[in-house]
Amino acid sequence: MIDPFGRDITYLRVSVTDRCDFRCTYCMAEDTTFLPKADLLSLEELDRLCSAFVAKGVRRLRLTGGEPLVRKNVMWLVERLGRHLKSGALDELTMTTNGSQLARHAEALAAAGVRRINVSIDTLDESKFARITRWGRLQQVLDGVAAALSAGLKVKINMVALRGENENEIIPMIEWAHSQGMDLTLIETMPMGDVEDRLENYLPLSLVRTALAQRFTLTDLSDRTAGPARYVHIAETGGRLGFITPMTHNFCESCNRVRLTCTGTLYMCLGQDDAADLRGPLRASTDDVLLDVAIDEAIGRKPKGHDFVIDRRRRGPAVSRPMSLTGG
Ligand code: SAM
Ligand code: SF4
């Protein structure tokens with residue numbers, strides 16, 4: 001699948017549910033209304049859609065959400081998709097999770113062929129964790145991380161950098177993650193969905209990087225598959241640190257990814273509202289002819305870049321859908 005700007009689309013992110021057992025303040029409102037269950041694609045339909053993308057050249061698949069591990073029977077889907085790893089059609093099957101259910105599922109994920117997962121943790125302080133996630137319990141997540149590591153999964157920690165909230169914890173988080181052989185990626189808050197305090201919490205990672213350079217020896221790494229993440233190696237800890245700065249445009253030219261929601265809507269760019277409905281063509285026939293046409297048409301509309309900007313007058317998001325719909 002080559003888009004109009006010559007980019008080979010080989011990476012699909014799939015949000016398997018919009019539901020979550022946390023309510024992170026930057027991601028969703030506490031009283032979020034979720035999609036009616038009837039609107040969701042079945043797991044069989046998600047498997048069919050993902051497999052259609054694999055047949056068209058997708059090599060990496062990431063399951064996300066909402067919280068992917070709260071979707072009932074989601075491990076059935078993971079195990080089904082594992083067949084594409086065995087056949088060699090897929091290079092990698094990964095997941096981004098809040099970790100709350102990981103202790104139960106880590107072994108099965110590894111057995112299905114998953115090698116790496118991302119776990120989101122913004123703080124190692126129990127009460128701050130409860131405040132940021134509203135409904136989360138830190139210890140449960142740490143138990144999940146421990147289970148993942150002992151199942152042999154490579155774990156990367158995602159940390160959203162929040163001014164006035166966790167900026168003093170960045171160094172301890174680096175030291176903690178690297179001491180256990182885990183990468184850490186810092187994420188700038190993105191203007192998505194309708195949630196409070198976005199401007200107040202926005203912390204530019206350029207400032208964080210400058211401050212970290214006073215303390216650590218940072219060496220840039222060139223990882224062309226990293227998408228919006230830029231990585232450095234830290235000499236003192238021996239680990240890798242990533243910076244995801246979605247407000248800058250420097251990664252759009254090499255963007256190889258598209259995002260599918262749990263209702264079968266395909267977003268060609270995280271930072272744009274244009275989308276294509278794949279549920280209609282999926283359900284219209286049992287073969288994939290219509291679906292393939294719809295996918296090709298959608299890829300043909302992938303935009304050159306995104307429109308992220310925090311509008312300081314309206315204080316509104318640039319993209320109205322929440323991250324929990326497309327999974328980041
Ligand atoms: N529930 C899973 C989790 O939290 O890892 C997967 C979905 S979550 C939407 C994916 C990632 O997006 C998480 O690392 C989360 O911290 C991040 N995220 C959510 N809302 C965000 C926002 N407004 N800006 C930046 N990152 C955000
Ligand atoms: Fe749930 Fe992940 Fe959003 Fe937090 S960031 S509310 S864990 S979907």
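Let me start with a convention: a residue is near a molecule if one of its heavy atoms lies within 4 Å of it. This is a predicted model, in which local features need pLDDT of at least 70 and side-chain atom pairs count only at pLDDT 80 or more, while totals for chains, interfaces and linings use all residues. Residues are numbered from 1 along each chain as its sequence is written, chains are lettered from A and ligands numbered from 1 in the order written, and side-chain values use heavy atoms, with hydrogens and water left out.

With that in mind, ligand 1 is surrounded by 19 residues, of which the closest are Y26, G66, S120, V160 and M190. As for polar contacts, meaning here pairs of N or O atoms within 3.5 Å, a nitrogen atom of ligand 1 lies 2.8 Å from a backbone N or O atom of M190, and a polar side-chain atom of E67 lies 3.2 Å from a nitrogen atom of this ligand. Taken alone, ligand 1 exposes 540 Å², and the protein buries 94% of that, the areas coming from the Shrake-Rupley method with a 1.4 Å probe.

What surrounds ligand 2? Its shell is made of C20, F22, C24, C27, M28, G66 and N98.

Finally, T17 counts as buried because its relative accessibility is 3%, where buried means under 20% relative accessible area, with a 1.4 Å probe and protein chains only. Leaving aside residues up to four places away in sequence, T17 touches several others, among them G66, E67 and C262, contact being heavy atoms within 4.5 Å. A polar atom of the T17 side chain also lies 2.9 Å from the backbone nitrogen of R19.

Technical notes. Buried means under 20% relative accessible area, exposed over 50%, partly exposed in between (1.4 Å probe, protein chains only). A polar contact is a pair of N or O atoms within 3.5 Å; within protein, one must be able to donate a hydrogen and the other to accept it, and residues adjacent in sequence count only if both atoms are side-chain atoms.
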